[in-house]
Amino acid sequence: MAATLGAAPHIARATVADLRDLGLVEPDTAHGHPLRPELGLTALGLTVGPGFIELDARLGELDLREIGYRKWSLPTLGAVGEGPARFGVMAGSLTPVTDRALSLALGDLVGAGLVERGVVNAAPPRPVYASTRAGLPLAQTARDLARALN
């Protein structure tokens, strides 16, 4: 599987473990070697699979798969929502994200045109983030998938 995906073996193993922990895949003991069973989708995996396919297609259309599949990009985009959202509120909803990881994800999303940064004219001025028109469909899909997995 690692070779087919072009991933390092330890990354493929970790990904499969994460998918199993989320309840999306399970060993299909009727096929494959007993020590290396093939994987099959669970009922939950079959339910959310089309959403992930849609998300991947949208990222591909925008040529943003590299940014979209970074660890905190999609959760951050989902947390931004329609905005405006403040950094601290997003950080609280994305536990255990670090401030640095959230800052990097926001920078990537702003650079990709999926999120815009604004400043609320208050004392003191506060930066806020909102999805752009291009980012809204991705943000909604990310939120829908997160709800389905929780």
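Colleague: What relative accessible area does Arg-70 have?

Modeller: The model is predicted, so local features require pLDDT of at least 70 and side-chain atom pairs count only at pLDDT 80 or more, whereas totals for chains, interfaces and linings use all residues. Residues are numbered from 1 along each chain as its sequence is written, and side-chain values use heavy atoms, with hydrogens and water left out. Buried means under 20% relative accessible area, exposed over 50%, and partly exposed in between, with a 1.4 Å probe and protein chains only. Arg-70 is classed as partly exposed, at 34%.

Colleague: With which residue does Arg-70 form a salt bridge whose closest N and O atoms are 2.7 Å apart?

Modeller: A salt bridge requires a side-chain nitrogen of Lys or Arg within 4 Å of a carboxyl oxygen of Asp or Glu. Arg-70 also pairs with Glu-66, with closest N and O atoms 3.2 Å apart, and Glu-66 is exposed at 63%. The partner at 2.7 Å is Asp-108.

Colleague: How many residues apart are Arg-70 and Asp-108?

Modeller: Asp-108 is partly exposed, with a relative accessible area of 25%. Helices are DSSP runs of H or I with at least four residues, numbered from the N terminus. For the salt bridge between Arg-70 and Asp-108, Arg-70 sits in the loop between α4 (65-68) and α5, while Asp-108 belongs to helix α7 (residues 99-111); this pair links distant parts of the chain, 38 residues apart.

Colleague: What N to O distance accompanies the salt bridge of Arg-147 and Asp-144?

Modeller: Both residues lie in helix α8 (residues 135-149), and because they are 3 residues apart, about one helical turn separates them. Arg-147 is exposed at 52%, whereas Asp-144 is partly exposed at 37%. Their side chains meet at 2.6 Å.

Colleague: Which residues do salt bridges with shared partners join into one network?

Modeller: The whole structure holds 5 salt bridges. Asp-144 is partly exposed at 37% relative accessibility. Through shared partners, salt bridges form one network from Glu-66, Arg-70 and Asp-108.

Colleague: What relative accessible area does Thr-76 have?

Modeller: Thr-76 belongs to helix α5 (residues 73-80), in which 6 of the 8 residues are buried. Its contacts, defined as heavy atoms within 4.5 Å, include Leu-94, Leu-102, Ala-105, Leu-106 and Leu-109, leaving aside residues up to four places away in sequence. Thr-76 is buried, at 0%.

Colleague: Which residue takes a positive phi just after α5?

Modeller: Among the buried residues of α5 are Gly-78 and Val-80. Just after this helix, a positive phi of about 60 degrees is taken by Gly-81.

How values were computed. Helix = DSSP H or I, 4+ residues; strand = E, 2+ residues; numbered from the N terminus.
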